[in-house]
Amino acid sequence: MQTIIKLAIAAAVLMTSCAGTASKKEQSVATPKNNTVKFNADSAYSYIKRQVEFGPRVPGSESHSRCVTYLTDELKRHGVDTVYVQTGSKKAYTGEVLPIKNIIGSINPEQNHRILIAAHYDTRPWADNEEDESKRDTPIDGANDGASGVGVILELARILAANRPETGVDFLLVDAEDYGESSGLTSNEESWCLGTQYWCENDPYTSQNRPKYGIVLDMVGGRDAKFHREYYSVRNASNIVDKVWGTAARAGYSSFFPNKIGGALIDDHLFISRNGIPCIDIVECNNAKTGSFPATWHTHQDNMNNIDTAPLRAVGQTVLNVILAEKPE
């Protein structure tokens, strides 16, 4: 899903000027020694499939409601310490008032040193990029754009509940990310990421336990996916980008994480960063065929047939290694 037209808006001149930020600092980032904890991509795939089986998770729909129950129950079943649903409402650009249900789970809630891992679970209410015009007004499966990031988070939750990290970890599954207006691009950025905006307006943290940084996972399961360094991530949290991309390289996943700048996206990470938590986006934003998002983006081809375990494993293991290497200050 990638929010607001996650169109790659970064101009070539911006990409060129920022290319130097992909520094060699990554060589100095710590890696957990003798880490034998492995991310199970098949398990993440099964969580994606289960979400898709509910049908499109459009806010206010029955499929959406059943998915909320499923995701909440899975976090609890995995042993996440605290799990709750933050409820509210936000007005969409269409004039509709959408019910908001953000799902929040925490591991080691007593620890003040925390990391935030986020993804959106809702799906696009229409397929505005669909070639067949007769199908553009129908909602999409959102296997990659929505369910993939959540699938990775559910598997991370299962692993980390059993293999306790030294830091605290908060999982944020946000609602109504993909209800935005696709025309006008950046001038309509506030129409996207409504769940994250609501979460920011009702900030749950104190000055003591505010996360040191955040990582958003979006469209992380597409076939042949590559995860370039997203422009705003580099601009707002270059040290975290270096940490994550360096960790990926040392784990053998540099082919999935090119050391190059990709597009500039209006996504959940942008609003989280504006709220005072440096946040980056792991997202496919420089597809070899399209130059921006995957060809399945906002189409009915965003289904389980186009989900691959290889990028899920690369992203999941990388984020897992980052978390396990984190040390409280």
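Reply: Here is a walk through the salt bridges, one group at a time.

This is a predicted model, in which local features need pLDDT of at least 70 and side-chain atom pairs count only at pLDDT 80 or more, while totals for chains, interfaces and linings use all residues. Residues are numbered from 1 along each chain as its sequence is written, and side-chain values use heavy atoms, leaving out hydrogens and water.

Side chains of opposite charge can pair when their charged atoms come close. A salt bridge here is a side-chain nitrogen of Lys or Arg within 4 Å of a carboxyl oxygen of Asp or Glu. Searching the whole structure turns up 16 salt bridges.

Let's begin with Arg 274, which has a salt bridge to Glu 189 with the closest N and O atoms 2.7 Å apart. Arg 274 belongs to helix H7 (residues 268–274), whereas Glu 189 sits in the loop between S4 and helix H5 (194–201), so this pair links distant parts of the chain, 85 residues apart. Helices (H or I, at least four residues) and strands (E, at least two) are DSSP runs, numbered from the N terminus.

How exposed are these partners? Arg 274 is partly exposed, at a relative accessible area of 48%, while Glu 189 counts as buried at 16%. Buried means under 20% relative accessible area, exposed means over 50%, and partly exposed lies in between (1.4 Å probe, protein chains only).

Arg 274 also meets the side chain of Glu 190 in a salt bridge, at 3.8 Å from N to O. Glu 190 lies in the loop between S4 and H5, so its pairing with Arg 274 in helix H7 ties together parts that are 84 residues apart in sequence. Glu 190 is partly exposed, at 45% relative accessibility.

Elsewhere, salt bridges with shared partners join Lys 49, Arg 50 and Glu 53 into one network.

Glu 74 and Arg 77 form a salt bridge whose closest N and O atoms are 2.8 Å apart. Both residues lie in helix H3 (residues 62–77), three residues apart, or about one turn of the helix.
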